[in-house]
Amino acid sequence: MTLSGAELWLPMPELQEFDELPRPLSVQCASLGGPPAGTHLCTLSELRDGNAVRLEFNQGQRVRRIFIVATADGCAAYVNACPHFNIPLNFGKGTFLNYTGERLLCVHHCARFRIDDGYCDAGPCAGHWLTPVAVQLEGDDVYAA
Ligand code: FES
């Protein structure tokens, strides 16, 4: 028996309601060892078709990572650290979206997060949030805020 591509996809489990933990406050790039407010980070054009822009900052001995993704009304930036194991969501260059493009996905244990606000609504850290990074959108340009 040969399965077609469509038959290989397992159905996604229904999203559930969890007790939401308090959403973390936004952090500034500068507080992660990154550039000061007003620094150009990327353009919306770079975020088309589900692409994310990844940035790394050195903060003392630590490397801090953020990523920026397109949202329905602009873009959002998050610290690239899954609340489950505090490791980057992506593997290698990778992508941050699940195959439907509707959720951010942690590739390690398949936690899914709403793109617009970083809330985890499925997976081992359901009810937790990604930490938002403050950015400002001006036209097509995304700046550290
Ligand atoms: S490290 Fe992200 S779901 Fe486990």
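Strands, as used here, are DSSP runs of type E with at least two residues, and helices are H or I runs of at least four; both are numbered from the N terminus. Along the sequence they follow the pattern α-β-β-β-β-β-β-β-β-β-β.

This is a predicted model: local features need pLDDT of at least 70, side-chain atom pairs count only at pLDDT 80 or more, and totals for chains, interfaces and linings use all residues. Residues are numbered from 1 along each chain as its sequence is written.

**Burial and contacts**
- A residue is buried if 20 or more other C-beta atoms lie within 10 Å of its own, exposed if 12 or fewer, and partly exposed in between, with C-beta atoms placed from the backbone.
- Of the 145 residues of the protein, 31% are buried.
- Two residues are in contact if their C-beta atoms, placed from the backbone, lie within 7 Å.
- Among contacts with a separation of 6 or more, 52% join residues 24 or more positions apart.

**The largest nonpolar core**
- A nonpolar core is a set of buried Ala, Val, Leu, Ile, Met, Phe, Trp, Tyr and Cys residues joined through C-beta atoms within 7 Å.
- The largest one holds 34 residues, and Ile-68, Val-69, Cys-75 and Ala-77 touch the most other members.
- Two or more residues each come from β1 (40-43), β3 (62-71), β4 (74-79), β5 (103-105) and β10 (141-144).
- Beyond its neighbours within four places in sequence, Ile-68 contacts Leu-41, Cys-42, Leu-47, Ala-52, Val-53, Cys-75, Ala-77, Val-135 and Val-142.

- Strands pair if DSSP finds at least two bridges between them.
- An open, antiparallel sheet runs in the order β1-β10-β9.
- Its edge strands are β1 and β9 (135-138), each pairing on one side only.
- From one strand to the next, the twist averages 30 degrees; axes are lines fitted to C-alpha atoms, for helices over the stretch in contact, and angles run from 0 to 180 degrees between N-to-C directions.
- Four bridges link β9 and β10 in the antiparallel sense.
- Gln-136 has Tyr-143 of β10 as its bridge partner.

**Positive phi outside glycine**
- Asn-86 is not a glycine, yet has a positive phi of about 55 degrees.
- Asn-86 sits in the loop between β4 and β5, and is exposed, with 8 other C-beta atoms within 10 Å.
- Cys-110 is not a glycine either, and its positive phi is about 65 degrees.
- Cys-110 lies in the loop between β5 and β6 (112-114), and is partly exposed, with 13 C-beta neighbours inside 10 Å.
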